[in-house]
Amino acid sequence: MALLWLAAFLTPVSCVLPTDRSHHQVPSADPQPPIKNLRMETKSKMLAWDVTGNISSIKCFKDSKNSSKGQTQKSCTFYVLPKCKASNYTVNVTTVDGKSFSTWIRYPEQEGNPGAAAQGLECQVHDVDFLTCGWKVGPEAPSDVQYSSYLENVKTENKWECPRHTANGLGIHVQCQFKGLSRFPHVQYRFLVNGNSTHSSIPCAECIMYLSHIEELSPPNMTVSCNKSHSVIEWKTRSHFYRKIEYELEIQKGTDDPYTQKAHLKTSLILSSPGVYTVKVRAMVLRYTNQKKGTSQWSAPQRIACHQDENAPLHFWLTPLLIALATLTFAGCALLLCKRYSLRQKLFPPIPHMKDPIGDGAHTENMLAWESDRAGPEECPVAKVQVLGEK
């Protein structure tokens, strides 16, 4: 609960109950004011008035804090209007002759007993996907009071009824939880609690916030892998609203004093020295609205034991020795094969053979031309035989 109170205090969340039931315009002492009929037009979210004089400048204020220049000489726009908390809306004008004029109204109108409304409304985004809002029963609430709640997109006014109420021992709703926040766009929301009773009218209570501003980051999930020379620490944090997350690690080696190490936008760390470590990690984001970092709880500490191999020096020398031995063995085998081939050539020289004019490269031999009308020295003469008929 203390974290919820701190988040509500540091972020622009409006969760204060109304204490004033009036809705009026302060009368002007000027008999001819430059503006009159000041009013709030809720549909357009504009503070409007009628102009009756010559105006040179206009400024609008909400509770004397938030200012807005007039869009025209007849209105100012406020992008978020409360539905439960009454605020003072003031208009300051300066006429062309240098005179100043101011008037104001309270909005919205209040009905019912403020002491019967839900009290101490607080909301928190947690465990990545959950929005939980809680409140207390008003001290002046009637015995039959029942509260109901819903979430509203401030810009579009789309509404989602609370899917899961939690009741106290008397059966009165005192908590609501939404699950699956990825379906909600990153805009401003209003969480509103209405009260119902048959005895009296009960005012509403509301919180206006960005879901990212009330998120409590979950501790990162951490895993460790280890071998004989180093260990790798990896972690991860999920969020629907933040992508750039910083991390802080607390590392303790053996019995040494622990030290912290930042990891900006990184999700891993290598410890190169073997030994026994204890490590834990947490996530941090910068909330731009108040320039303050939101920090998760520390993860559960993990013990890392990376012991050096006792035979590491032997392994260091064994590998190059094996490589050298293999090289020498290969060279010896090659030399032996060469010598054996040379000795075989000497013991068994090749046997000469007749050259085949066709098969043994006949195209490279000198061939003699054949002359059909001249007999060679080794040729037999051919006798002509004539066959005669019988007489």
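Visitor: Where is Glu-248?
Guide: Glu-248 is in strand S18, residues 246-253. Strands here are DSSP E runs of at least two residues, numbered from the N terminus. This is a predicted model: local features need pLDDT of at least 70, side-chain atom pairs count only at pLDDT 80 or more, and totals for chains, interfaces and linings use all residues. Residues are numbered from 1 along each chain as its sequence is written, and side-chain values use heavy atoms, with hydrogens and water left out.

Visitor: Is Glu-248 buried or exposed?
Guide: Buried, with a relative accessible area of 9%. Buried means under 20% relative accessible area, exposed over 50%, and partly exposed in between (1.4 Å probe, protein chains only).

Visitor: Which side chain does Glu-248 make a polar contact with?
Guide: The side chain of Arg-282, at 2.7 Å. A polar contact is a pair of N or O atoms within 3.5 Å; within protein, one must be able to donate a hydrogen and the other to accept it, and residues adjacent in sequence count only if both atoms are side-chain atoms.

Visitor: What else does Glu-248 touch?
Guide: Leaving out residues up to four places away in sequence, its contacts include Thr-260, Lys-280, Met-284 and Trp-298. Contact means heavy atoms within 4.5 Å.

Visitor: What does Lys-280 do with its charged end?
Guide: That end sits over the ring of Trp-298, 5.4 Å from the ring centre. The rule: NZ of Lys or CZ of Arg within 6 Å of the centre and within 35 degrees of the ring normal.

Visitor: New topic. How many aromatic pairs are there?
Guide: Eight. Rings of Phe, Tyr and Trp (its six-membered ring) pair if their centres lie within 6.5 Å; planes under 30 degrees apart are stacked, over 60 edge-to-face, the rest tilted. Tyr-89 and Tyr-107 form an edge-to-face pair, 6.4 Å centre to centre with 70° between planes.

Visitor: Where do Tyr-89 and Tyr-107 lie?
Guide: Tyr-89 is in strand S6 and Tyr-107 in strand S7, so the pair ties together parts 18 residues apart in sequence. Both Tyr-89 and Tyr-107 are buried.

Visitor: And the cores? Which residues touch the most other members of the largest one?
Guide: Leu-131, Phe-191 and Trp-235, out of 47 residues in that nonpolar core. Such a core is a set of buried Ala, Val, Leu, Ile, Met, Phe, Trp, Tyr and Cys residues joined through side-chain atoms within 4.5 Å. Strand S21 (residues 275-287) gives the most to this core, with five residues.

Methods. Helix = DSSP H or I, 4+ residues; strand = E, 2+ residues; numbered from the N terminus.
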